[in-house]
Amino acid sequence: MSAEWKRNRLLAAIEPRVRADFLSRVQPISLARDAILLRPGEEIREVIFPSDGLVGLISATPAGDTVQTGMIGADGAVGVFEACGSRRSTAFAGVQVPGAGFRLSADDYRRLFTASPGLQTAVHKFVEVLLAEARQFVACNALHSVEARFCRSVLEAADRTGVGTSIPLKQETLAEMLGVQRTTVTAVVSQLQAKGAIRTWRGGFDVLDRGALERNACSCRENLLSAQAEIYGSDEEVCES
Ligand SMILES: [Zn+2]
C-alpha cells in the first residue's frame, strides 16, 4: 500500500510496532462529492480517515433545514469517537470536497485505539478541535453576517484540503453549510465576484483575491486558527497510558 495514509494526522500518529497490523486491515477508498458517509441514528460500522478532501458534519431539523457543525479533513476521521462510545451517529457526514481516504472496520479501529497511545492522544486532540469548532460555529451562526461566514467557510475549506485557489465547493453545499437558502449564497457570490474576490465555475469557484476574503471573513476564523495551533502545539503525551 502506498504511504498516502501518512497524510492523515490520526493514522500518522500510530506507532511503528502497531503499524503492520493496521496496514493489513485498512482499505483505500475514494470520497465522491455529495456521498453521505453517515446519517443520524446509523450504526457505526467503520471509521473513515480522509487523506484529502473535506467531510462536513451537518445537523438537520425535521423540516429539512440544515447547518454545518464541524468539518473533517486529513486532520481527523469520521465515526472516530462514536465507534468507542454510543456506536451511533447523531449527525449527517457528507463529502463536500471530493478526495480519498481509508476505511477501517469499527471493531478493528477499537483494537487499534486500545493498542496505540499515539493514536489515543491524536484522537483526543482532534475531538478537542472539533468541539472548539462546534462552539465557535454556534456563536458564528447567531452573530455574524452570511457574507462574513461565507468567506470564513471558504478559507477554512481551502486550508483544510490544500486545494489552493480553485475551490470545488458547490453553492448548494455552501447553503447547506451556512444554514441559508441557495438564493442567499448566490447573492453573496455575486457581491464577491463584483469585487473581484472570486470567479465562479460550474461546481466551484476560483479565489482571485485571497486578501479580500481574509478581510471580509468574520473573527471566528482567527479564533479557530489560534485554538487549533494551541491544541496541536501542546505536548504530545498528556495522559498516562
Ligand atoms: Zn463568525
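Which residue in E7 does Phe49 stand opposite?

Guide: The structure is a predicted model, in which local features require a pLDDT of at least 70 and side-chain atom pairs a pLDDT of 80 or more, whereas totals for chains, interfaces and linings use all residues. Residue numbers start from 1 along each chain, following its sequence as written.

The residue facing Phe49 is Phe102 in E7. Helices (H or I, at least four residues) and strands (E, at least two) are DSSP runs numbered from the N terminus. Strand E7 (residues 99-105) and E3 are joined by 5 bridges in the antiparallel sense; two strands count as paired if DSSP finds at least two bridges between them. Both belong to an open sheet of 3 strands, ordered E1-E7-E3, with antiparallel pairing. Strand E1 (27-31) and strand E3 (46-50) form the edges, each pairing on one side only. From one strand to the next, the twist averages 35°. Helix H3 (residues 106-115) packs on this sheet, where it touches E3 and E7, and its direction makes about 85° with that of E7. Such angles run from 0 to 180 degrees between N-to-C directions, with axes fitted to C-alpha atoms, for helices over the stretch in contact. Contact requires C-beta atoms, placed from the backbone, within 7 Å.

The wider setting is as follows. The domain assignment (automatic or from a database) divides the chain into domain 1 (3-140) and domain 2 (145-218). Their C-alpha centres are 24 Å apart, and 17 residues of domain 1 are in contact with 14 residues of domain 2. On the domain 1 side, two or more residues each come from strand E4 (54-60), strand E5 (66-72) and strand E6 (92-97); E5 gives the largest share, 4 residues.

A residue is buried if 20 or more other C-beta atoms, placed from the backbone, lie within 10 Å of its own; it is exposed at 12 or fewer and partly exposed in between. The buried residues of H6 are Thr173, Leu174, Ala175, Glu176, Met177 and Leu178. Their cover includes E4, E5 and E6, together with helix H5 (146-161) and helix H7 (182-194). Just past H6, Gly179 has a positive phi of about 70°.

The largest nonpolar core holds 62 residues, and Leu10, Val47, Val55, Ala77, Val78 and Val154 have the most contacts inside it. Helix H4 (residues 117-143) supplies the largest share of this core, 7 residues, and at least three residues come from each of domain 1 and domain 2. A core of this kind is a set of buried Ala, Val, Leu, Ile, Met, Phe, Trp, Tyr and Cys residues joined through C-beta atoms within 7 Å. Leaving aside residues up to four places away in sequence, Val154 touches Ile167, Leu169 and Leu213.

Taken whole, the chain comprises 9 helices and 10 strands. Its radius of gyration is 18 Å, close to the 18 Å that the globule rule gives for 241 residues, so the chain is as compact as a globular protein of that length. That radius is taken over C-alpha atoms, and the rule is 2.2 Å times the number of residues to the power 0.38. Of the 241 residues, 39% count as buried.

Terms used
Contact = placed C-beta atoms within 7 Å.
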